[in-house]
Structures are given as C-alpha cells and as structure tokens.
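Here is a short briefing on one protein model. Keep the sequence and the coordinates open while reading.

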Amino acid sequence: MRKKIAVMIFISLFSVILTGCWDILYLTNKKIINGISLDVTKDSSMMGMVRAVVLKSKGGGQFEVKDEVLQTTGDSVFNIGLKMDNMLPGTIEASKIHVIIIGEKLAKQGILSPLEGFYRNPKGNLTSNVLISEGLASDILSFENIENSPVAYGIMQMIKGAERKTNIQNQNLYSIWNQITDPGEDAMLPMIRKIKDKALVIDSTGLFHGDKYTGTMLSREESTILLLLKDKLNKLAYIEIPVKMSSGLSKPSEKEISAITFEVQKLQRSLEVSVKKNTQDIDCLIKLDLYGTINSFPSYMGQKINIDQLNQEIAETLNKQAIEVTNKLLKANCDALGIGRRLRVSHSELWKSINWENKYKEVKLNPNIQVHIRGTGVIN
C-alpha cells in the first residue's frame, strides 16, 4: 500500500514538472504585444508600431526580458501583423494588448477599419484601451519607459487614474465598437499627447461622429462635466470653479475672483427627450443634482460662509460651462448623450422619417444643474 502511494506521489510530481517545462518553452516562443500604435502615411498606407515583451532563455531556468519596439507599414492591420510576425522569433501573442493608440490624422478618416482586426480576432483582447494621439501615435508609443515600466503599461495606469477621477470615460475596445456602430450614440475617446520629450499626459477628450474623430476636443474640466451629464460619475470628480470672493462670506472682500475645488461624491440625473407635434422640434432637458464637499477654498479657511449662496453661485458657473459643452457637441455633430437612442425607442415613427445626422444639429440641449454642498472641511 505504501509503495502504491509513493508511486502515485512520484507520478503527480513528475507531471507537474513536465507541465512547467512545457509552459516555459511555450512562453519563450511568444512575442507578447502590450501596446500598438497606428498612423496613416503620406501615401495613404498604414504605419504600425508595437511594443513587445520578448522572453529569452539564458539557460539554467533564467530568462532575460526585453521591451522591444518594431515598426512597419501595410495596407491593413492584418497585413502589418503578418510583417511583424516575421520580424521577431516565435509567434505574436495579441491577447495582452493594453493600449491601442490611433493617430489623429487616421482617426479623422475613421477608426472602424483599423479596429476591426482587433475586434474580430478570437484571441484579441476586448478590454484593451483605445486612445487618440495628438500628432503621430508612434511618437507616443516610442516614448521611453514610464517609471521603469513598459510604456504601454504606464499609459494603462494613467488611463485608470483618469477614469477614477471622472476625467475620461471608463470604456474599452468592446464598448467603443458598440458605440461607433450604433446610429443613436456617438463615442468620446481620451486624447494623449507628449510634452516635449519629458512626459505623456491624458488631459482631454476627442469627440466622434460615427467612427470619425471630428477634430473637436474637450478639456479635462469640460470632459468631466460631460461625463456627469451622461450619468458617468466614477469614484469621484473634482471641479475647480472660479467664484466671487464675496460668495457666501459674512465679510465680503474687495477682491473679485477666487477658485474653489468642489468634490462631487454623488449625483442624481434625469434626461427627458420631447418632440413638438407641429414643428417636430426636439428638446432635451438634462437635470443634474450634484452632492459633494468643498475641498479647497484657500483664501477663506476658518471663515463662516453662506452655504445656500455658495450653492447658487457654483450652480450658475457649472450651468454656463455645461451650455458651452453641449454647444460643442452640437457643433461637432457628436451625440455623446445618446439622444438618438432615446428618440428611436420613444418616438420610433419620427426616427424612421428623419435624417438624424442633419436633425441632431437642431436639437435643443438644456442642462439644468443644481449643487448641494454637504461638507466644507475646516471652512465654517
């Protein structure tokens, strides 16, 4: 009996060892792609660049890890992939792609075709992040490592941080594909740029119409406001608001303008789409109640303030900014709020009879924001 048990244990251990060796050999034959950039060239072909993690055996169970950069051109993403596969030993592994960066010139021509190969690939990563670059995407991907990490991984961490603060929308290749193929909603994608040769930054959002980048960008603050209007508050959102120094203070100051930081912690939002029977004019009312705290009011720490008055002034400022944002949406013909989708459901006959691409520009977007301060920290 003891001999049988010993034999079974030996076989089990031997199987584990063999499996481990097989996995190691498997990995050394892989080129793990963690980032890819796509641009359009002067002759209208496509230029692709990849950052690949390559494992090389040094013997004795030790491996050397290299972050390699490869670049080539082709007529399509598939053609570029075939060329890339011949430039490194082993086979390309695309299931670990963290980021797909598309140059703004190519994005203006349309991102449906460049993304199709990734979306349809059964081994593709549908959770990959998609960004638009200001300038060439290859300039972003060829950037030096971020804090000693592969640049693609560093960009992914930047994206997660921006999403957490509601600066950009939390989405991926799968959700973006659904948006750009839906006639009732348009996409908004994060923009990434290089500050000289020192740093990368994600501080704006690009507006899309269909699968084409419109060339219209929203600043970080405008992007946050739009996401709140879309009911897309993530963990938190910080909004810096210029207000009069006398706002809510018991002793008004002679100075005119100061800045406070309002942290949005909770929101309630409703969106109503109505159609006038006679004219078929479309109105959209977006009601937004923001609940949060004052995180920074440096000029008046310890002073007593009038919460109701401060609520009113912050709301007035935010409503002005919201109108500017919605005007940009209309000008760019970007239905990021999904008005068309609601119209298709609640007014299906009208939806069938209109050209939404032309009709959307005539929609009246009416944001109505109310602010509710629930805490002021050390401010009285």
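Which residues does serine 133 touch, not counting residues up to four places away in sequence? Serine 133 touches Ile101, Ile102, Gly103, Glu104, Ile140, Met191 and Ile192, where contact means heavy atoms within 4.5 Å.

This is a predicted model, in which local features need pLDDT of at least 70, side-chain atom pairs count only at pLDDT 80 or more, and totals for chains, interfaces and linings use all residues. Residues are numbered from 1 along each chain as its sequence is written, and side-chain values use heavy atoms, with hydrogens and water left out.

**Serine 133**

- Serine 133 sits in strand E6 (residues 129-133); strands (E, at least two residues) and helices (H or I, at least four) are DSSP runs, numbered from the N terminus.
- Serine 133 is buried, at a relative accessible area of 0%. Buried means under 20% relative accessible area, exposed over 50% and partly exposed in between, with a 1.4 Å probe and protein chains only.
- A polar atom of the serine 133 side chain lies 2.9 Å from the backbone oxygen of glycine 135.
- The serine 133 side chain also reaches the backbone nitrogen of alanine 137, at 3.2 Å.

**Valine 273**

- Valine 273 belongs to strand E11 (residues 257-275).
- Valine 273 is buried, with a relative accessible area of 17%.
- Beyond its neighbours within four places in sequence, valine 273 contacts Ile282, Asp283, Cys284, Ile339, Arg342, Leu343 and His347.
- Valine 273 and leucine 343 are 70 residues apart in sequence, yet 7.1 Å apart in space, C-alpha to C-alpha.

**Helices H4 and H7**

- H4 (residues 112-120) packs on H7 (residues 173-180) at about 135 degrees, with the axes 11 Å apart. Axes are lines fitted to C-alpha atoms, for helices over the stretch in contact, and angles run from 0 to 180 degrees between N-to-C directions.
- That angle makes H4 oblique to H7, because angles under 35 degrees count as roughly parallel, over 145 as roughly antiparallel, 65 to 115 as roughly perpendicular and the rest as oblique.
- From H4, Leu112, Leu115, Glu116, Phe118, Tyr119 and Arg120 meet Leu173, Tyr174, Ile176, Trp177, Asn178 and Ile180 of H7.

**Helix H8**

- Eight of the ten residues of H8 (residues 220-229) are buried, so H8 is largely enclosed by the rest of the structure.
- The buried residues of H8 are Glu222, Ser223, Thr224, Ile225, Leu226, Leu227, Leu228 and Leu229.
- Aspartate 231 follows H8 and has a positive phi, near 65 degrees.

Notes: Polar contact = N/O pair within 3.5 Å; in protein donor to acceptor, adjacent residues only side chain to side chain.
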